Structures are given as C-alpha cells and as structure tokens.
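Colleague: I am new to this structure and would like to learn how to read it. Please take me through it one feature at a time.

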Amino acid sequence: MARNGLTTIAAKEFFDHLHSRKFLLIFGILLIVAIVGMIGGISDYNKNLEDYNKHQSTIDSPLSSYMAEKPSILSVFSSVATYLVFVGGILGIAMGFDLVSKEKESKSLKILLSHPVYRDEVINGKALGGIAALAGALFVVLFIALATLLVYGIVPDGNELILIGIFGLASFLLIFAYFAIALFMSTIMDESGSALIYTVIIFIALSALIPTLASTTVTELVIGNPPELPRELIDQMQQPANTSEVSGVTVTFASKGNNGAWDEFGERMQAYSEKRQMVYSTLALFSPTMNYDAITSAVTQQYSSRAMVIGSRGSTTTTAAFSVGTSGDVGLEDLLYPIIASIIALLLFPVVFFGLAYLRFMRLDVR
Amino acid sequence: MIQLEHLTKEYNGVRAVNDLTTEIPDGEIFGLLGPNGAGKSTTILMLTGLIEPTSGHCLIGGLDVARDPIRVKQQIGYMPEDVGFYASLSAEENLTYFGRLYGMDTPACKERSAELLSLVGLDGVTKDVGGYSKGMRQRLGLAKALLNDPAVIILDEPTANLDPQGVADYRRIITEVARQGKTVVVSSHILEEVSRVSTTVGILSKGRLIAQGSWRDLARDLSGRADTHVTILVETRDPMPDLVHPDLVSINYEHDRRGVVIVASSDIRDAISDSLALAGIRIRSLSREGLTLEETFLSYYQVAG
C-alpha cells in the first residue's frame, strides 16, 4: 500500500479549517478590514496624487522639485497592514492553538497514532494543512485588495506587483509565526484552553510588551538620556540665528560662534542615536509584529527617508537618526537591504517554533 | 503470533510492566486480566507501538514493534479504552479518514465502512460522532479496529460502556473473527466478560504476569488454594448473636442480623449450626458457596500480593 499519511492528514486539516466556524469568522473580519483599509488607502492615494499633479502644474515654484514625489500605489496597503498585524495574528493563533491539544482532549490522538503513520507525518500534516489554509486566506485577501485597486482604476506596474508580493509574503510570515507559536503551545499543553491562554500571553508580550520596551522612554532608561546642549551653545542660540536641518531634526545654531562645540555636540548626538537605534533594532528582532512593521513600512512607504524604515506606525515610533536620508525612488535591493534582518527574524519565528513543536510532538507521551 | 520477551516499561523509575514474557498463538482470544494499575494498558500501548519499552521486545508476526512500527501497525487493529473520534465527522467519515491512513482508496474505505457499521449496528446513523453516546463510540471503536482486516486485534476494556445488546454483539463479532484465524487480545477487569470470550487468560499483577493458561486450567490449579477459604451464607428467622470460631476469617452481618456472609479457613457449617441451635435461633438456610470467578481471581492476587 502506498504511503500517503502526510497528504491525507494535511488534506483533512485543510478542510477542517475551511469548515471551522472560528476560521470563517476571523477570515470574514480580515476580509472586511482589508477592503475597508484599501478603500481608505485609495482615497488617501487619490488625494496625494491630486496634490502631486497640482505641484507638477506649478513647476516654477522653488520647492516643487523637492515636494513633487509621485505617491506610490503601495501606500494604499499601509492601512491594510495596520489591521492585518492584529487580525492576522489572531487568525494564526485561532488556527493553531488546538491542533494537537484538541486531539489529546478528544482521545483521538491515540487512535490516530495507532495507524501506520509516522509521528512526523502527523505534525507536518497538521502544519501543512494549516499553512495551506492560511496561505489560501491571505491569497484571497490580496486578490480582493488588488481587485479593489483595479475597480478604482489604479493599475500597479511590474515593480509594484513585486512589492505587493513582498507585502503578502511578510503578512504570511507574520500569521505563520503566530500559528507556529500556537501550534507549539498546543503540543505542550494538555488542554486547548490553557494552550490558548498561554499563546495569547505570548502574543501580547511580542506585539505589545517588546514594542513598549523598545520605546523611547524605556530605551532611555537603559542607555541614559540624550546629551544636553552645552551652555555656551545655548547662549549662542539666544542671538539671531539661522536654521539647518539634519535628517529631519531641526537644529538651530548661531550664525557665528564655536563651530568645534557644535561638531562635538553633533558627534555625541550621533553616537547616542546610533546606540538607541541599535537597542531598538535588537529588541525589534524579537517581535514578529515589529519585524512585520519594519518590512511593510519599507514596502508601503518606499519614498520616505531611509532612516524611517525601522518602525513608523503606532507604538513603534521611529527614532530619527542623524544619517542623511535619501529621497526619491529606490531599487528593490536598496529597499530590502535595511530590512533584511527583519525578514530573517520574521522567517525564524515560524521555523523555531515549528521546530520546537515538532520535537515536542515526536517525544509526546501517548498514554 | 504475538511474542513478548522480557518486556519492561518504567515511568520515572517505577516499573509499570516488569519482565513480561509470553506467547500468544494465532487464532487465540487472549484475555489480559488485572486490576487498575496492574500494567494492562501499558502492555497494550507497547503492543500497538504507541510507547516504547524500556527494555525487552514485542514481536507481532515476527516483526519487532519498536523497530518496525509502520509494518506492525498495518497488521493490527486497536481500540483504546477511552476511544476517541473526530466529533465533527460522521462515523463513515471517521472510518474513511482512518482507512485512507491504511492506504485504502476512498471507494474501498466507504464500502468497508458501510460493511463494518452494519456489523456493529451503527448503519443508518448519520449524525456526527460528537452526538454519540459512549456505547455508540465503543461500537464505532470496534468497527475501526476491524477496518484494515487486521491479523491481530487489540481491545482495551471493549465492553466498558456497552449495553447488553452491545455486549452480545461484541461477543459474536470477536468469536467470529477468532474463528477466521485472527488473534484477539482483550484487556479487561471484568472477569465475567473475559471468561466468556477468552480461550486463554493472562493475569497481571503489579506489572508481572502471575498466571497464564486456559480459564479452566487456571480454575483447576487454583481450586486447592481456593478450598482453604470457604464462603458460607446463613439466613435465620431470628436475629443472630455474634458468632465466634477460631477458623473465622471474616464475618459480615446484614443490617437486621438475619443474614451473614462468613469466610472461614475451614468448613465450619456444623459448628455454626450447633451454635445457632443452642442459642435458639431458627435457621432458614445454611450453604457453602462454590468457587466463583471473582474468588479465583482474588485468590491469585492474594498469592501474588
């Protein structure tokens, strides 16, 4: 007889998910928020496009060359990402938290494992069925999002389609990360209720606690306060001044005075900002939500300053670095380079937690 | 043939099964008897490849269960004590799914499911298994155990939740499959049930196999030992006084003291009769009970303990 345990289990799990009330409910909510987000995003996009066109028609203005940036279609997905990061996480948890624990509770696991199937076929089949259902759900969401764009007469070009694909992949990895965490909890807990509670605790820790720890206030507790402006420079600033902008931070300085002190202060600020950015980025790696934010921000706000790449939404407020940002259209490599760590970290979450779930399931005591 | 060779299983240093060695020939219905905690379920879990022995081997059809679990599982049908199914699926859908895991194609699964559901009396039941009673689940468990037409059928407490009709059906089915040359292992603490269907019995106590053989041989071997304890039932028309005798092992009076169950180390019926007559108590009946199944079983435990 042919060995077909993996496909049989995966197919059953896939159809179980599709018939599951909780999956359909959360998927329905996901669809609604995606459509609402898209419509809101399209409205903003059209408004920005109108502004852009106006600027183009007033090209004589001295500022027009700086401000006349054509808005990206990807900006439409920005609000979708805001919803997806929460609803997607919940969907992943809902699909994974009882995959193994429910079988333990209903005593069907013992029956299942008494059949000629390897244990790895069981856990892999369950994961595959869940991943297929998640991928299917996300595909439908993206398809409807694209269809909404087309309905509004917005047609993405090839590069934009690639970026939408990256957005979709990041969204999938986020949901898969929480699915894998839930699956792991499901293998170590005997009851689905406990598995759900502990998964939700982890979800809160990863999506709220770590961003809070990475926030300015908490980071400053760790690395100290930013350097203060020396008294002599403050005095100089009392005099009539010019303004200059360094990477979005407006610094006012005297037209004449101690340039060495300014340089020294600038270096200290630079070192402090880099340190703070390093702490923030390191903490961010431990949160799928923050990694997802970083990736989707880079994708959906591709015309923004490079320094804005890491975290720009909600609680993950950006720390503006002193490095000079680049404006204008960016290539795919330029876009991916700053977020490669986030992509790898987001990829590692499902790999690590699924690996743990696998190991645990292989050693599970079936009595 | 099933062979257990020095089979041992330890949980946290405690031996649940201790050096179990036996052989069960093809076509036997082997009853595995023992109280809770004797090691029956652990033995069965090792036989089905669900847990690995700490030491020793289980061989089914010459294949080592721990080394070749997939081929062994192709040959066995198993019904656990707490049989569980997928609540949101019907009986046929459950059996079809499990049939697919045996490598059967869907039409074959459906055909076999219909046949087995009819055999266990669940044909025509279309509701999801979540709405089944425990007895119905047990019937479905028996159908599942027969799904792959196995050479060896392993049943853990198979009649625990069955009604009298279900028990009768179970006996009929088990007897029939044994007649077809299949080996059946039945674990139970219900002595009456095991004695009805089993051709051979093994008694487990504290993880050790303390006796094995046909029920008749076992009872014969035990008769000498059992004769040392005599159960006497007395019924009287008047309340009895306290009875005293050197050979008395235990005595349990009924509430109104007009009945008593006496266990003694010798047949003291004459002494009891004389004592009661002397006290002016009118006797309604005085009898010695034969060796019951339960007494045989308990007698083994007394020896093992």
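Colleague: In what order do the strands of the open sheet in chain B stand?

Modeller: Strands are DSSP runs of E with at least two residues, helices are runs of H or I with at least four, and both are numbered from the N terminus. Two strands pair if DSSP finds at least two bridges between them. In chain B, 4 strands form an open sheet in the order β2-β1-β4-β5, with antiparallel pairing. β2 (14–24) and β5 (63–64) of chain B are at the edges with a single partner strand each, so one side of each has no neighbour in the sheet. The model is predicted: local features need pLDDT of at least 70 and side-chain atom pairs count only at pLDDT 80 or more, while totals for chains, interfaces and linings use all residues. Residues are numbered from 1 along each chain as its sequence is written, and chains are lettered from A and ligands numbered from 1 in the order in which they are written.

Colleague: How many bridges join β1 to β4 of chain B?

Modeller: Strand β1 (residues 2–11) and strand β4 (residues 55–60) of chain B run antiparallel and are joined by 5 bridges. B:Gln3, for example, has B:Leu59 in β4(B) as its bridge partner. Helix α1 (residues 40–47) of chain B packs on this sheet and touches β1, β2 and β4 of chain B; its direction is at about 65 degrees to that of β2(B). Contact is counted when C-beta atoms, placed from the backbone, lie within 7 Å. Axes are lines fitted to C-alpha atoms, for helices over the stretch in contact, and angles run from 0 to 180 degrees between N-to-C directions.

Colleague: How many residues of chain A are in contact with chain B?

Modeller: On chain A, 19 residues are in contact with 22 residues of chain B. On the chain A side, α1 (5–19) and α6 (108–113) are the elements that give two or more residues, and α6(A) has the largest share, 4 residues. That side divides into 8 nonpolar, 7 polar and 4 charged residues. Here Ala, Val, Leu, Ile, Met, Phe, Trp, Tyr, Cys and Pro count as nonpolar, Asp, Glu, Lys and Arg as charged, and the others, Gly among them, as polar.

Colleague: Into which domains is chain A divided?

Modeller: Domain bounds come from an automatic or database domain assignment. Chain A has domain 1 (5–208 + 340–362) and domain 2 (221–333). Their contact takes 25 residues from domain 1 and 17 residues from domain 2 of chain A. On the domain 1 side, α8(A) gives the most, with 8 residues. By class, that side has 18 nonpolar, 6 polar and 1 charged residues.

Colleague: How are two packed helices described?

Modeller: By the angle between their axes and the distance between the axes. α8(A) and α15(A) pack at about 20 degrees, with axes 8 Å apart. That makes α8(A) roughly parallel to α15(A); the cut-offs are under 35 degrees for roughly parallel, over 145 for roughly antiparallel, 65 to 115 for roughly perpendicular, and oblique for the rest. The contact of α8(A) with α15(A) has 19 nonpolar, 1 polar and 1 charged residues.

Colleague: At what angle do α3 and α4 of chain B pack?

Modeller: Helix α3 (residues 91–101) and helix α4 (residues 106–119) of chain B pack at about 130 degrees, with axes 9 Å apart. That makes α3(B) oblique to α4(B). Among the residues that make the contact are B:Leu95 of α3(B) and B:Leu116 of α4(B).

Conventions. Two residues are in contact if their C-beta atoms, placed from the backbone, lie within 7 Å.
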